[in-house]
Amino acid sequence: MAVAADNTTEGSPVGISPDVVTNLVSTENTTSSVSLSWNSPEGESSFYRIEWTSGSGSSSVDTTDLSITITSLTPGVDYQFLVMAVAADNTTEGRPVGISLYTSK
């Protein structure tokens, strides 16, 4: 954190990574969607970034909620999901937590 010349005025912290989200679980899997939920990390974060990959590519979405349903997935495919908290600067990410899930066939 930067401190001004008056030795009292502080700037906002920059580049401080949020803590890790906890208890990432899948609450429902269908042929074309996966629902995930997690607990917020200790400390502050502005939102959560969810990234997912399969053999055919990757995508991501941001949310302020502690759960999300990812839709338009392909049936019977193994997806890797990562969830991470993002700091107030909108770029500094906490360490991701991952889960691997198959959509139903």
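Leaving aside neighbours within four places in sequence, L36 is in contact with L24, V25, S26, T27, I50, L66, S67, I68, F81, I99 and L101, where contact means heavy atoms within 4.5 Å. The model that shows these contacts is predicted: local features need pLDDT of at least 70, side-chain atom pairs count only at pLDDT 80 or more, and totals for chains, interfaces and linings use all residues. Residues are numbered from 1 along each chain as its sequence is written, and side-chain values use heavy atoms, with hydrogens and water left out.

The protein chain has zero helices and seven strands; helices (H or I, at least four residues) and strands (E, at least two) are DSSP runs, numbered from the N terminus. Read from the N terminus, the order of elements is β-β-β-β-β-β-β. Of the contacts in the protein chain with a separation of 6 or more, 56% join residues 24 or more positions apart.

Buried here means under 20% relative accessible area, exposed over 50%, and partly exposed in between, with a 1.4 Å probe and protein chains only. Strand β1 (residues 22-29) runs antiparallel to β2 and is joined to it by five bridges; two strands pair if DSSP finds at least two bridges between them. Within this pairing, L36 is the bridge partner of S26. Strands of a sheet pair through backbone hydrogen bonds, either parallel or antiparallel.

A further group of strands forms an open sheet. Its four strands follow the order β4-β3-β6-β7, with antiparallel pairing. β4 (57-63) and β7 are the edge strands, each pairing on one side only. On average, neighbouring strands of this sheet are turned by 20 degrees against each other, direction ignored; the axes are lines fitted to C-alpha atoms, and angles run from 0 to 180 degrees between N-to-C directions. Inside the sheet, seven bridges join strand β3 (residues 47-54) and β6 in the antiparallel sense, and I50 has V83 in β6 as its bridge partner.

In soluble globular proteins, nonpolar side chains tend to be buried together.

Beyond the strands, A87 lies in the loop between β6 (78-86) and β7 (97-102). A87 counts as buried because its relative accessibility is 9%. Not counting residues up to four places away in sequence, A87 touches I16, P18, S46 and T92. The C-alpha atoms of A87 and P18 are separated by 5.9 Å, although these residues are 69 residues apart along the chain.

Over the whole protein chain, 31% of the 105 residues count as buried.
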